[in-house]
Amino acid sequence: SGYHRQRLGHDVHPMMLAIKDGDLHVVNGEIQAVEGAEEIRQHIEIRLGLWRGEAFYNVDEGVDYRDLVMPAADRRDVLGELRRVVLGTPGVLTCSLQIVSQGPATLTVRGQFTASISARDDLIRQEFGPITITGEG
C-alpha cells in the first residue's frame with residue numbers, strides 16, 4: 001500500500017490507524033490499523049468530514065461546506081465539490097455520490113468508489129457512508 005501511494009506521487013504512509021466512532025480503534029490494548037479497500041473508505045470519510053481551511057497543515061484540504069455546500073444553491077455544484085474531494089483521495093479512480101438528505105445546516109451523503117489498491121493495479125469497488133455533516137466547521 002505504501003509503495004502504491006509513492007508510485008502515484010502521494011505521501012507514503014505505511015498504514016492508516018483504524019477509527020471507530022470517531023476514536024482510535026483499540027483491541028486488547030493494541031491500536032488497530034486498516035489496509036486496502038477499508039483504508040481508502042476510511043480516508044474518504046475523513047476527508048469528506050473535513051471543512052476546507054480546518055487543517056492547519058493544508059488550508060486547501062477539505063470540502064468547501066461554508067461557501068458552496070451548505071448554501072446548496074445548485075445540487076450539481078454540491079456533488080461536484082464532494083466528488084473533487086473523493087477523487088483527490090490517493091488510489092481513487094472513480095466515484096459516484098448520492099445526497100441522502102439535506103437541510104439548512106445538515107448534509108448526508110453516501111457513495112461508491114473504484115480504487116487501485118496495489119502496485120499491480122488491482123481494482124476494487126466499495127461503498128462509503130452515509131456521512132452526515134452538521135453545522136459550522
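Which residue in β8 is the bridge partner of I99? V109 is the bridge partner of I99. The views below are close-ups of a predicted model, in which local features need pLDDT of at least 70 and side-chain atom pairs count only at pLDDT 80 or more, while totals for chains, interfaces and linings use all residues. Residues are numbered from 1 along each chain as its sequence is written, and side-chain values use heavy atoms, with hydrogens and water left out.

**View 1. Overall layout of the protein.** The protein has 4 helices and 9 strands. Helices (H or I, at least four residues) and strands (E, at least two) are DSSP runs, numbered from the N terminus. Along the sequence, the pattern reads α-β-β-β-β-β-β-α-α-α-β-β-β. Of the 137 residues, 36% are buried. Buried means under 20% relative accessible area, exposed means over 50%, and partly exposed lies in between (1.4 Å probe, protein chains only). Contact means heavy atoms within 4.5 Å. Among contacts with a separation of 6 or more, 44% link residues 24 or more positions apart.

**View 2. The open sheet β7-β8-β9.** This sheet has 3 strands, in the order β7-β8-β9, with antiparallel pairing. The edges are β7 and β9, each with a single partner strand, so one side of each has no neighbour in the sheet. Neighbouring strands are turned by 15 degrees against each other on average, direction ignored. Two strands pair if DSSP finds at least two bridges between them. Strands of a sheet pair through backbone hydrogen bonds, either parallel or antiparallel.

**View 3. Strand β8 and its two partners.** β7 and β8 run antiparallel and are joined by 9 bridges. S96 stands opposite Q112 in β8. The two strands β7 and β8 form a hairpin, with 3 residues between them. On the other pairing, β8 and β9 are antiparallel over 10 bridges. There, A115 has I124 in β9 as its bridge partner. In β8, 8 of the 11 residues are buried, so the strand is largely enclosed by the rest of the structure.

**View 4. Helices against the sheet.** α4 lies across β7, β8 and β9 and runs at about 140 degrees to β7. Axes are lines fitted to C-alpha atoms, for helices over the stretch in contact, and angles run from 0 to 180 degrees between N-to-C directions. Which residues does L82 contact, leaving aside its neighbours within four places in sequence? L82 is in contact with L48, V63, Y65, L97, L107 and V109.

**View 5. The largest nonpolar core.** It holds 26 residues, of which L48, Y65, L82, L107 and F113 touch the most other members. The elements giving two or more residues to this core are α2, α3 (65–69), α4 (75–87), β7 (92–102), β8 (106–116) and β9 (123–134). The largest share, 5 residues, comes from α4. A nonpolar core is a set of buried Ala, Val, Leu, Ile, Met, Phe, Trp, Tyr and Cys residues joined through side-chain atoms within 4.5 Å.

**View 6. R47 and its polar contacts.** R47 is found in helix α2 (residues 36–48). Its relative accessibility is 10%, so R47 counts as buried. The R47 side chain makes a polar contact of 2.7 Å with the side chain of E61. Another polar contact, of 3.0 Å, joins the side chains of R47 and T89. A polar contact is a pair of N or O atoms within 3.5 Å; within protein, one must be able to donate a hydrogen and the other to accept it, and residues adjacent in sequence count only if both atoms are side-chain atoms. Neighbours within four places in sequence aside, R47 is in contact with E61, G62, V63, V85, V86, G88 and T89.

**View 7. Aromatic pairs.** The structure holds 3 aromatic pairs. One of them, W51 and Y65, is tilted, at 5.1 Å centre to centre and 50 degrees between the planes. W51 lies in the loop between α2 and α3 and Y65 in helix α3, so the pair ties together parts that are 14 residues apart in sequence. Both W51 and Y65 are buried. The ring centres of F56 and Y57 are 5.6 Å apart and the planes stand at 85 degrees, so this pair is edge-to-face. Are F56 and Y57 buried or exposed? Both F56 and Y57 are exposed. Rings of Phe, Tyr and Trp (its six-membered ring) pair if their centres lie within 6.5 Å; planes under 30 degrees apart count as stacked, over 60 as edge-to-face and the rest as tilted.
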